[in-house]
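Work through these exercises with the structure open. Try each task before reading its solution.

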Amino acid sequence: GRDNIIHNSKYCEFGATYNRPTPLPLTSDFQEALKLGTHPSETQEELGRGLFVTDDWRKAWHTYESPSSDPELIDPDTGFAEYEISMDEIEGTLPEDLVGVLYRNGPGKFGVNGERVAHTLDADGLILQIIIPPIEPEECSIDTVMANSKDSLKDETPYERKILFRSKFVETKAFAEERRAN
């Protein structure tokens, strides 16, 4: 029965959700994929019915950390990073009128000491900030757009448009306790 399918599956987990305390029966396509050990296909109507493909989100969501090519780029404990991106590092063209600050809030740390969280939403939060200055500094107050940015962007050298990237894990009470406990 269903228990044998669950234990033999390397792709799926079945569980209750807030809106569906009891999952609906598996579709025949889903059962067949589990028996064959292949990736099941899901329609939009089937999503959120108390089953999910953990292998999918595990591939999509990784702990925010430094790349092997630059191991000092991101602090592994705090998630802090700050660096500039010059226009020649960007593939394509950045629109001239794209100016401002973009914040992204989402999951960033998916486990501690080799233990992975059970679900994406259990991860520690991460805040990203991307500051995009104007093409020419006189178009608006560069000091306003680049407030608190690196000193190298405020010196007297000729102006070059650069993107400033910053990041940091959200320091919740649980995050701080986790860090203290190591």
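**Exercise 1: the faces of a helix**

Ser28, Asp29, Lys35 and Leu36 are exposed on one side of helix H2. Exposed means over 50% relative accessible area, buried under 20%, and partly exposed in between (1.4 Å probe, protein chains only). Helices (H or I, at least four residues) and strands (E, at least two) are DSSP runs, numbered from the N terminus. The model is predicted: local features need pLDDT of at least 70, side-chain atom pairs count only at pLDDT 80 or more, and totals for chains, interfaces and linings use all residues. Residues are numbered from 1 along each chain as its sequence is written, and side-chain values use heavy atoms, with hydrogens and water left out.

Task: find the buried residues of H2 and say how they are arranged.

Solution. 
- Step 1. H2 covers residues 28–36, and its buried residues are Phe30, Ala33 and Leu34.
- Step 2. Seen down the axis of H2, these buried residues fall within an arc of 100 degrees, so they line one face of the helix. The arc is that of the directions from the helix axis to the C-beta atoms.
- Step 3. Gly37 follows H2 and has a positive phi, near 70 degrees.

**Exercise 2: salt bridges between strands**

Task: find what ties strand E8 to strand E3.

Solution. 
- Step 1. Search the whole structure: there are three salt bridges. Each is a side-chain nitrogen of Lys or Arg within 4 Å of a carboxyl oxygen of Asp or Glu.
- Step 2. Arg166 pairs with Glu82, with the closest N and O atoms 2.6 Å apart. Arg166 lies in E8 and Glu82 in E3, so the bridge ties together parts that are 84 residues apart in sequence.
- Step 3. Arg166 is buried, at 14% relative accessibility. Glu82 is partly exposed, at 26%.
- Step 4. Lys162 and Glu84 also meet in a salt bridge (3.5 Å, N to O). Lys162 is in E8 and Glu84 in E3, so this pair ties together parts that are 78 residues apart in sequence.
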